[in-house]
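Please look over the sequence and the structure before reading on.

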Amino acid sequence: MVAQTPSSPPLWLTIIYLLRWHKPAGRLILMIPALWAVCLAAQGLPPLPLLGIIALGTLATSGLGCVVNDLWDRDIDPQVERTKQRPLAARTLSVQVGIGVGLVALLCAAGLAFYLTPLSFWLCVAAVPVILAYPGAKRVFPVPQLVLSIAWGFAVLISWSAVTGDLTDATWVLWGATVFWTLGFDTVYAMADREDDRRIGVNSSALFFGQYTGEAVGIFFALTIGCLFYLGMILMLNPLYWLSLAIAIVGWVIQYIQLSAPTPEPKLYGQIFGQNVIIGFVLLAGMLLGWL
């Protein structure tokens with residue numbers, strides 16, 4: 001364990017920083033697709049105990065992902081302005097403690113998985129290699145955000161099958177919406193780190209698409225809209241769902257226009273990420289009310 005200086009935060013707070021629980025937007029944005037799936041699969045009446053399991057499971061899983069990412073990047077993060085103060089990068093937490101926290105998060109997620117259906121359990125197992133692979137993908141794969149998006153998509157498959165015990169056509173349409181949405185907002189998030197990533201030599205979708213990154217984000221959001229439109233059609237959701245989708249479309253169009261500016265303000269990227277949390281919850285409300 002790294003020695004704590006008088007000015008250092010206490011160990012428990014450093015671990016919270018490692019898990020990123022002090023930044024709720026990143027935790028909520030993983031929880032949102034899981035809640036979408038539970039609410040749609042349960043036709044607007046999700047069982048409260050299952051909602052609790054899914055919420056806790058996403059917290060444990062996202063925490064595991066953060067720890068694994070920071071272990072992979074502990075020698076890279078100090079070179080990036082946005083990440084240099086992370087506990088493992090700043091050496092305020094040891095690698096051994098980081099591994100221990102990651103194992104606890106994994107065990108918590110595994111324990112919760114036993115309360116799900118058999119299909120959901122095995123989907124949880126299948127998700128683990130994808131979660132572990134994402135940080136390494138930045139080193140070898142030109143669009144690592146796609147790996148992250150597939151990992152995000154497991155939240156839909158696990159949660160839907162936890163309600164119904166199987167996967168339907170609607171499940172895969174929602175999975176597609178989640179993958180494209182994640183590609184969109186995480187590409188925006190990567191835009192803030194383009195210069196650092198280029199200098200260090202790691203990949204990102206923002207580097208891959210280059211000057212066309214804004215257009216790529218617009219296409220990802222358009223594909224998200226297409227999937228959500230088709231989802232509403234096949235599930236025959238009522239006008240309240242369509243209202244929520246209309247609000248989401250307005251939000252995504254505004255974001256695309258902002259990204260299309262010649263020199264977007266650097267703070268815009270984080271703002272768009274946070275706005276997508278709000279958009280996700282607007283859609284969740286529409287999915288709940290869409291069965292009335």
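## A salt-bridge network

Arg 86 and Asp 70 are joined by a salt bridge between their side chains, at 3.5 Å from N to O. A salt bridge here is a side-chain nitrogen of Lys or Arg within 4 Å of a carboxyl oxygen of Asp or Glu. The two residues are 16 apart and lie in distant parts of the chain: Asp 70 in helix H3, Arg 86 in the loop between H3 and helix H4 (95–113). Helices are DSSP runs of H or I with at least four residues, numbered from the N terminus.

This is a predicted model: local features need pLDDT of at least 70 and side-chain atom pairs count only at pLDDT 80 or more, while totals for chains, interfaces and linings use all residues. Residues are numbered from 1 along each chain as its sequence is written, and side-chain values use heavy atoms, leaving out hydrogens and water.

Asp 70 has a relative accessible area of 1% and Arg 86 has 15%, so both count as buried (under 20%; exposed is over 50%, partly exposed in between; 1.4 Å probe, protein chains only). Arg 86 also forms a salt bridge with Asp 77 (3.8 Å, N to O). Arg 20, Asp 70, Asp 77 and Arg 86 are linked in a network of salt bridges.

## A pair in helix H8

Glu 195 and Arg 198 form a salt bridge, with their closest N and O atoms 2.9 Å apart. They are three residues apart in helix H8 (residues 194–200), about one helical turn. Glu 195 is exposed at 57%, and Arg 198 is partly exposed at 47%.

## Cysteines

The structure has zero disulfides, a disulfide being a pair of cysteine sulfur atoms within 2.5 Å. For Cys 39, the nearest cysteine sulfur is that of Cys 124, 18 Å away.
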